[in-house]
Amino acid sequence: LLNLEHISIDGTKIKANASNNNNLTGKEINVVKKILKKGIDTDKEEDELYGEDNDNEIRMPVNKEGRIKLIEESFKEIEDYENKNKEEKPLKKSAVNIIKQGIKNPEKTIEKIEKAEKQLKNSGQKSVSLTDPDARWMMNKKNKIEFSYNSQISVDHKSGIILSNSVTQEPTDHNQLIPTIEKIIETIGPLPEDTSFSADNGYYTLKNLIYIRKNNINAYIPNRKQATEAKTNNKHKNPFSKHNFKYDYKNNLYTCPNNQKLPYQKTYEYNSNLREQYYTNKCLKCSDQPECAGKNRFKIITDYGGELPRKMELKMETPEAKLEYAKRKETVEWPFGNLKQNLKFTEYYTRGIEQTEIENNLIYIAHNIKRIFNEITKQLILKNTIPHI
């Protein structure tokens with residue numbers, strides 16, 4: 001059923017089974033841990049005084065009074081914290097709720113908090129979900145930020161069959177191209193020599209371009225400028241948008257809408273990618289300077305640098321590349337549309353990345369079963385093996 005002439009790769013954000021409000025910052029985690037550890041110390045003191053397994057009549061009242069004292073101390077601790085930090089926001093409801101849970105079972109709650117703290121450090125984000133610490137803050141296509149996972153798929157252009165899928169905690173697609181291609185090969189074996197790949201600008205990194213060249217992969221990935229032009233059909237309301245500056249490959253310079261040349265000035269590295277800057281101080285004498293660059297400033301065009309980005313950029317300007325890249329939209333975006341619009345799958349039911357991966361597999365297996373059934377039926381109809389329905 002597979003043609004493997006063209007494979008498209010893409011990712012989508014799917015909401016985690018977690019409330020956006022039930023989260024803690026690093027500072028809040030420290031306050032909660034401090035309060036809960038006091039509870040553990042109180043229990044240890046009682047155990048030393050009355051025995052760990054002592055259930056006599058004396059033990060129960062002391063335990064109850066100890067709990068009441070702990071509750072009072074806990075909320076006094078919260079009040080003291082908020083009085084000391086009046087300029088900052090008070091402890092969120094989620095922090096107060098986790099303290100209430102910890103009063104009943106401090107050890108279990110601290111274990112939960114420490115797991116969340118570990119995920120917070122790994123994520124590099126400002127807060128972590130208490131419901132699903134593996135989830136990450138991500139922005140979806142509706143520009144809404146929520147706890148989510150990044151679901152990656154690769155799709156065969158001819159059949160619409162998904163060749164691989166994965167779930168990642170990374171909000172961007174930068175590091176997903178290489179593992180996706182390797183997963184395809186691991187699943188179905190070596191690919192034909194004429195197989196081509198397409199992916200959007202999210203996968204355009206120097207690391208990915210090096211991998212493509214090293215493995216002789218025919219890939220079509222636009223840079224940011226080309227991706228923007230494709231989306232807007234070259235229409236930019238701002239006449240001085242970067243996308244209206246034309247690049248001269250021969251002389252390595254940009255020309256502005258007023259025909260002023262911006263020569264190459266310097267190269268620097270950012271997020272493991274090379275950036276090249278083009279500008280000229282002649283902007284200061286231009287009548288459009290305030291609108292174009294800002295008052296007393298000159299326009300700086302920043303672009304990817306290096307041989308490989310240049311080659312990919314030139315390749316993507318060819319008519320053949322534009323036709324190949326156009327296949328991506330009809331190949332990889334409709335499975336996501338079917339998933340979210342028709343199947344109403346916009347949020348995971350499970351929690352934690354391991355369970356989410358299993359759920360992800362089941363969803364895409366269901367998609368493939370339907371695609372395989374439809375393809376086989378279509379072939380049988382063409383061969384007149386079964387009557388047309």
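Predicted model: local features only at pLDDT ≥ 70, side-chain atom pairs only at ≥ 80, totals over all residues.
Colleague: Which residues is I217 in contact with, once its neighbours within four places in sequence are left aside?

Modeller: Contact means heavy atoms within 4.5 Å, and on that basis I217 is in contact with I181, F197, Y211 and I212. Residues are numbered from 1 along each chain as its sequence is written, and side-chain values use heavy atoms, with hydrogens and water left out.

Colleague: Which members of the largest nonpolar core touch the most other members?

Modeller: A nonpolar core is a set of buried (under 20% relative accessible area, 1.4 Å probe, protein chains only) Ala, Val, Leu, Ile, Met, Phe, Trp, Tyr and Cys residues joined through side-chain atoms within 4.5 Å. Among the 24 residues here, those members are I9, L177, I181, F197, I212, I217 and I221. Helix 5 gives the most to this core, with 4 residues; helices (H or I, at least four residues) and strands (E, at least two) are DSSP runs, numbered from the N terminus.

Colleague: Which residues of helix 5 are buried, and what covers them?

Modeller: An α-helix has 3.6 residues a turn, so residues three or four places apart point the same way. In helix 5, L177, I178, T180, I181 and I184 are buried, and their cover includes strand 1 (6–15) and helix 6 (206–214).

Colleague: Where is pLDDT under 50?

Modeller: The protein averages a pLDDT of 84, but the value stays under 50 over residues 54–64, for which the model has 9 contacts beyond four places in sequence.

How values were computed. Buried < 20%, exposed > 50% of the residue type's maximum accessible area, 1.4 Å probe, protein only. pLDDT = per-residue confidence, 0-100.
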